[in-house]
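Please look over the structure below.

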Amino acid sequence: MNKTIVLIALAAWPAAAQLVENGGFDALRPDGQPTGWTALGANVQYVTADSEGGACRLSGTQGTFAALAQGIRGIKTIGDIKTPLRISVRMRTEGVSAKPDEGEASFSLWFTDNKGRNAGALAVAAARGDTPWKQYTRVVTPEELRALSDQTKEEDRPLVCALRANLCNQPGSMWVDRVECEEVEPPALSCRLDRGEYTTGDKYARLLIATAAPWHKATVTISGGSRPFQFDNAGEGSCTLALGGLTPGEHDCEIKVFDTTGKALGASIVKLKISVDPFDQQ
Ligand SMILES: [Ca+2]
């Protein structure tokens, strides 16, 4: 039931292969610890929690840290990430300090430089105090990762990434479960007209364009009609289409959109219906 709801909600971001091993903490090694994960610091334990089967609990004390990490399948460094990554975790906390200057419980895409030093993190989930089980999701893009990499000195690159739960200098506890990481394709180009039908009395139609990337140029070619329309630097997602010279009937509008680097983002065809304006008939 829940699975159906999740799949519908993610329809715009089609799911790919799962890049996390044992994200639900259901498989255990002979020593009783969950496979695929590495515990760092003190006080990390596998628990049969009030969650979905197994989970992992991290308990901290002042002056120590507890962490749990896993590399991402097929991805070692930031440069290996070519498409957006959707990262998700189910998490709860208890007794974590609510003071902003005392850290927090977090689950992140965590980076170390080529010398193994901490080089920043993009938080998927962060919580203080007592929080109930909740699923947190973040999509990270190759562009924001590149920006993060650019802040690191050249000789310290490339940045190595991992998924990591972290509880630092904290007396409380955090639990994690259902960790997921998938490569996702940006949504396809989507184009539509602002109305279902126009008349010969209409001078313009509004074309609405949506893509995952910023775009700056669209060309529109209308079949059976007069001429191609071209838009440069059309702005964010919509432009005006002049209808002068088009005959009544149904026309195919082929829209091609290019991003700010000139790369084609795709093509789409929408039907443009023009009926005779009743006032024109008289
Ligand atoms: Ca579980």
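In this predicted model, M91 is in contact with F107, A125, A127, K134, Y136, M174, W175 and V176, leaving aside its neighbours within four places in sequence. Two of these partners, M174 and V176, join M91 as the residues with the most contacts inside the largest nonpolar core, which has 37 residues. At least two residues of this core come from each of the strands β3 (53-59), β4 (65-71), β5 (85-96), β6 (105-112), β7 (118-127), β9 (160-168) and β10 (173-183). In soluble globular proteins, nonpolar side chains tend to be buried together. Another core, of 18 residues, lies apart from the largest one, and Y198, A205, I255 and L272 are among its residues.

Y136, another partner of M91, is found in strand β8, residues 129-140. Is Y136 buried or partly exposed? Y136 counts as partly exposed because it has 16 C-beta neighbours inside 10 Å, whereas a buried residue needs 20 or more. Not counting residues up to four places away in sequence, Y136 touches S88, V89, M91, V124 and A125. For A125, the separation from Y136 is 11 residues in sequence and 5.8 Å in space, C-alpha to C-alpha.

How values were computed: Residues numbered from 1 in each chain as written. Predicted model: local features only at pLDDT ≥ 70, side-chain atom pairs only at ≥ 80, totals over all residues. Core = buried A, V, L, I, M, F, W, Y, C linked by C-beta atoms within 7 Å. Buried ≥ 20, exposed ≤ 12 C-beta atoms within 10 Å, placed from the backbone. Helix = DSSP H or I, 4+ residues; strand = E, 2+ residues; numbered from the N terminus. Contact = placed C-beta atoms within 7 Å.
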